[in-house]
Amino acid sequence: MSFAAAALIKARSATVWEIITDAGNFIVWPSAITWIDGEPVDGNVIRIKTARTNTRTIRTCVMHLTGQAMR
């Protein structure tokens with residue numbers, strides 16, 4: 001299973017990274033994430049649950065390649 005989204009954001013990548021790694025807001029945004037465990041920092045593995053998979057935990061690695069990609 002995978003999740004993907006794309007958007008043109010007119011801001012510095014450092015600003016975007018700071019906002020999207022604010023775990024406290026994951027469950028507030030309309031992202032469908034209902035639970036998160038772990039700190040979303042570069043190289044960390046976090047666990048999440050979504051509205052669709054609320055009974056199953058999804059593990060994902062947080063990655064930031066400056067100027068190239070954020071995942």
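Student: Why is V28 called exposed?
Tutor: V28 has 59% relative accessibility, so the label is exposed. The classes are buried under 20% relative accessible area, exposed over 50%, and partly exposed in between, with a 1.4 Å probe and protein chains only. V28 sits in the loop between helix 1 (13-20) and strand 1 (33-37). Helices (H or I, at least four residues) and strands (E, at least two) are DSSP runs, numbered from the N terminus.

Student: What should I know about the model before going on?
Tutor: This is a predicted model, in which local features need pLDDT of at least 70 and side-chain atom pairs count only at pLDDT 80 or more, while totals for chains, interfaces and linings use all residues. Residues are numbered from 1 along each chain as its sequence is written, and side-chain values use heavy atoms, with hydrogens and water left out.

Student: How confident is the predictor, and where is confidence lowest?
Tutor: On the pLDDT scale, the predictor's confidence in each residue from 0 to 100, the protein has a mean of 80, and 85% of its residues reach 70 or more. Confidence is lowest in strand 5 (residues 69-70), at a mean of 63, and highest in strand 2 (residues 45-50), at 90. Where pLDDT is low, the predicted coordinates should not be read in detail.

Student: What makes a nonpolar surface patch here?
Tutor: Nonpolar side chains (Val, Leu, Ile, Met, Phe, Trp, Tyr) are joined within 5 Å, and like charges within 9 Å. Here I19, I20, I27, V28 and W29 make a patch of about 450 Å². Accessible areas come from the Shrake-Rupley method with a 1.4 Å probe; for residues, only the protein chains shown count as cover.

Student: Why is V62 called buried?
Tutor: V62 has 6% relative accessibility, so the label is buried. V62 lies in the loop between strand 3 and strand 4 (64-65), and its C-alpha is 5.6 Å from that of N44, 18 residues apart along the chain. Across the protein, buried residues make up 20% of the 71 residues.

Student: And why is M63 called partly exposed?
Tutor: M63 has 23% relative accessibility, so the label is partly exposed. M63 is also in the loop between strand 3 and strand 4; M63 and G43 are 20 residues apart in sequence and 5.7 Å apart in space, C-alpha to C-alpha.

Student: How do you know that strand 1 and strand 2 pair?
Tutor: Two strands pair if DSSP finds at least two bridges between them, and strand 1 and strand 2 have 4, so they pair, in the antiparallel sense. D37 has R47 of strand 2 as its bridge partner, and I36 stands opposite I48. Strand 2 is also joined to strand 3 by 4 bridges, again antiparallel, with T60 the partner of I46.

Student: What makes strand 1 and strand 3 edge strands?
Tutor: The open sheet has 3 strands in the order 1-2-3. Strand 1 and strand 3 (58-61) each pair on one side only.

Note on methods:
Patches are made of residues with over 30% relative accessible area and no salt bridge: like charges are joined within 9 Å, nonpolar side chains (Val, Leu, Ile, Met, Phe, Trp, Tyr) within 5 Å. A salt bridge is a side-chain nitrogen of Lys or Arg within 4 Å of a carboxyl oxygen of Asp or Glu.
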